[in-house]
Amino acid sequence: MAMAMRITPSILNADLSNLSGEISRIPSADGVHLDVMDNHFVPNMTFGLPVVECIRKNTDAFLDIHLMIAQADRWAPAFAEAGAESVTFHVEAADAPIRLAREIRARGARASMALKPATPIEPYADMMPELDMVLLMTVEPGFGGQKFLDLVLPKIERTRELVKKTGQEIWIQVDGGVSLETIERCAAAGADTFVAGSAVYSAADPDKMVNDLRGKAVAACQH
Ligand SMILES: O=C(CO)[C@@H](O)[C@H](O)COP(=O)(O)O
């Protein structure tokens, strides 16, 4: 059976003064990726829990929260309580990643762990059964519009192998520089969930771009 390929656009480079409007431009998307940044974990600042709570009230879309914040253990459970379907914390910012993943799941959300480009996956192999998704950054976190880092491709392949060993359906998400030019490489390496920010929101028709990206990923998927 063909594996599902999910496109979850990031609104980082969209019009942040019109979030509901921007989300309504991508009805074909599998979710909306919300980048929460604190100017500590990354050198940029976006929005926090109150904004996500407002978005939750205004849309039924699958909310895919990506926390790029220093105190992940302190904040991640609250985003699950706010009604997000998926909450991703950075392993580099978590004091107790296993406990945190369990706290997120206990609040009804999917638990996900993110890794920066230089962070290896192997030390976290035993954590896989605690997770619903692994997010592999394909740019340095902090800003949209950066160039895709091909050096992450072997890590995507190794993560796919680790996921296979668990026998569980754990999504592998890639984030950063995902476009019509790069998505096939990610899908061929083992990714099944794709964050695309500028590629979607700089397109003349963002929803068509979502479908075009998904089509390329489906065609390239070999796993
Ligand atoms: O988390 C991040 C950046 O830190 C991403 O979600 C970007 O917002 C994706 O934007 P593009 O690279 O697709 O423009």
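Strand β5 (residues 110-115) is mostly covered, with 5 of its 6 residues buried. A residue is buried if 20 or more other C-beta atoms lie within 10 Å of its own, exposed if 12 or fewer, and partly exposed in between; C-beta atoms are placed from the backbone. Strands (E, at least two residues) and helices (H or I, at least four) are DSSP runs, numbered from the N terminus.

The model is predicted: local features need pLDDT of at least 70, side-chain atom pairs count only at pLDDT 80 or more, and totals for chains, interfaces and linings use all residues. Residues are numbered from 1 along each chain as its sequence is written.

The chain crosses from β4 through helix α4 (residues 97-106) to β5 in a right-handed β-α-β crossover. Right-handed means that, with the strands pointing away from the viewer, the path from the first strand over the helix to the second runs clockwise. Two strands pair if DSSP finds at least two bridges between them. β5 has parallel partners in β4 and β6. Phe89 stands opposite Met113 in β5. Ser112 has Met133 in β6 as its bridge partner.

| Strand pair | Bridges | Sense |
|---|---|---|
| β4 (residues 86-90) and β5 | 5 bridges | parallel |
| β5 and β6 (residues 133-137) | 4 bridges | parallel |
| β7 and β8 (residues 193-195) | 3 bridges | parallel |

The open sheet has 8 strands in the order β1-β8-β7-β6-β5-β4-β3-β2, with parallel pairing. Its edge strands are β1 (6-7) and β2, each pairing on one side only.

**Two annotated residues**

An unreviewed UniProt entry places the feature "active site" at Asp35 and Asp175. They span 141 residues in sequence, yet no two of their C-alpha atoms are more than 10.7 Å apart, so they gather at one spot. UniProt positions follow the numbering used here, feature names are shortened, and annotations may be inferred rather than shown by experiment.

Asp35 is found in strand β2. Asp35 counts as buried because it has 25 C-beta neighbours inside 10 Å. Asp175 lies in strand β7 (residues 171-175). Asp175 is buried too, with 26 other C-beta atoms within 10 Å. Its bridge partner in β8 is Val195.

Contact means that two C-beta atoms, placed from the backbone, lie within 7 Å. Leaving aside neighbours within four places in sequence, Asp35 is in contact with Ser10, Leu12, Thr46, His66 and Met68. On the same terms, Asp175 touches His66, Leu135, Met137, Thr138 and Val195.

**A loop residue**

Asn39 lies in the loop between β2 (32-37) and α2 (49-58). Asn39 is not a glycine, yet its phi is positive, about 65 degrees. With 13 C-beta neighbours inside 10 Å, Asn39 counts as partly exposed.
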